Amino acid sequence: MCIFAPMKTMNPRNIAMRDYDYVLPDERIAKYPIANRNESNLLVYRAGKIEQKHFFDLPGEIPAGAMMVFNNTKVIQARLHFRKETGALIEVFCLEPEAPRDYALNFACADECVWTCLVGNSKKWKDGPLWMDVEVDKVKVRFCCERVGETGASQKIRFRWQASDGSQVSFAQILDAIGELPIPPYLNRDTEESDKRTYQTVYSRIKGSVAAPTAGLHFTDRELAALKEKGVSLQYLTLHVGAGTFRPVKSETIEGHDMHTEFISVPREVIASLLAQVKRNGVIVAVGTTSVRTLESLYYIGNKTKANPEAHADDLVVRQWEPYEGQWDLSLEEALGSILDYLDRHTMSNLVTATQILIAPGFHYRLVRGMVTNFHMPQSTLLLLVSAFVDGADVEGPHWHEIYRYAMDHGFRFLSYGDSSLLML
């Protein structure tokens, strides 16, 4: 039997995580995807009512003229395993690039680069570099790593490598050759060869994530074609999902939880399309919580570019509590327009910055009027995001716990490889 705690309305900082708990039996966690992505179950929530369908029904549930926004990030094979001469196995988990900071430039490096990493079994790594001889596209490469600093639980790791024949080998090639795809820890199993295909969306393009935007795993080319044929605009942005997405909230209230920072990149033409959609009062549907977080961050970034037209990327980062603090005076149209002016002023084709945004009950959604999302862990920030969406709607109907109870009672599969929902206001 599933037990759901009642929700209480209060200051977002004082939200008690126990109010966002439910019993999730291990057997309801999908350890593997189903054979055909689009045959997964789809829970449809609209105007306070719940229905059960299949994912291939999704195009029929999206109104003509709507816009759907997808996260086109691609999961990298971020786990590297080094073995010391003593036999000890050291795991180096690449989190985000440090030097160069730009993902594309870092992946293109041909001799060295620096990453922020998590190190497993670090007590066995006293000092000095670790190295191994690897083969990359039939070329022998000496590959080394060394610690050059630390920040909290993470460490800065410099990777160096050299091909035996003097040829150019990129860091991206090394990761593809010897890295391991990092599947979610709650699957409690090793990565398998099939995960390299099933743990990527069919539209993944931009390398950088250490976790998949899992709502997108259900899409096939069939759904994308059907949506286009219906007149739904498909737009793509990038948020590189960090390992922090799996970090549980350990504090009693959300105020004690520090949100992780994630890189975002939004093309100018996507922002222009969003502005046009807003002006016509069109529906915007985000595919996945990563797309939600990126889209909702744009309003605050627009306010920042208006206040400081010469702001650098670091000045535009949306901090955890900013949506709940200060004065945000611009209309949504003005905020998006300000970003376009900022990009044009600096002759930039992409908005590139980062976000720490925390979306919890009390948050005011500005762009997103629908979302496709999987079923999330108890007491997680993603569950808070869903609650803020459905419980903030101006309709009478079920709250998040009633939606989750329906999913539990009707055999839905949970978490990354599980089933999904379409939530519409």
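An open sheet of six strands, paired antiparallel, has the order 5-6-7-10-9-8; two strands pair if DSSP finds at least two bridges between them. Helices (H or I, at least four residues) and strands (E, at least two) are DSSP runs numbered from the N terminus. The model is a predicted one, in which local features need pLDDT of at least 70 and side-chain atom pairs count only at pLDDT 80 or more, whereas totals for chains, interfaces and linings use all residues. Residues are numbered from 1 along each chain as its sequence is written, and side-chain values use heavy atoms, with hydrogens and water left out.

Axes are lines fitted to C-alpha atoms, for helices over the stretch in contact, and angles run from 0 to 180 degrees between N-to-C directions. Helix 3 (residues 171-178) packs on the sheet and touches strand 5, strand 6 (89-99), strand 7 (112-120), strand 8, strand 9 and strand 10 (154-163), where contact means heavy atoms within 4.5 Å. The direction of helix 3 makes about 85° with that of strand 8.

Within this sheet, strand 5 and strand 6 run antiparallel and are joined by five bridges; Phe82 has Ile90 in strand 6 as its bridge partner. The two strands form a hairpin with five residues between them, and Gly87 in the turn has a positive phi of about 100°. Strand 6 is in turn joined to strand 7 by seven bridges, again in antiparallel fashion, and Ala99 is paired with Val114 in strand 7.

Strand 1 (residues 41-46) and strand 17 (residues 420-424) run parallel and are joined by five bridges; Arg46 stands opposite Met424 in strand 17.

The axes of helix 9 (residues 381-390) and helix 10 (residues 400-409) come within 9 Å and cross at roughly 115°. Helix 9 is therefore roughly perpendicular to helix 10, given that angles under 35 degrees count as roughly parallel, over 145 as roughly antiparallel, 65 to 115 as roughly perpendicular and the rest as oblique. Leu383, Ser387 and Val390 of helix 9 make the contact with Trp400, Ile403 and Tyr404 of helix 10.

Overall, the secondary structure of the chain comes to 10 helices and 17 strands. The C-alpha atoms fill a box of roughly 65 × 55 × 45 Å along the principal axes. Buried residues (under 20% relative accessible area, 1.4 Å probe, protein chains only; exposed over 50%, partly exposed in between) make up 55% of the 425 residues in the chain.
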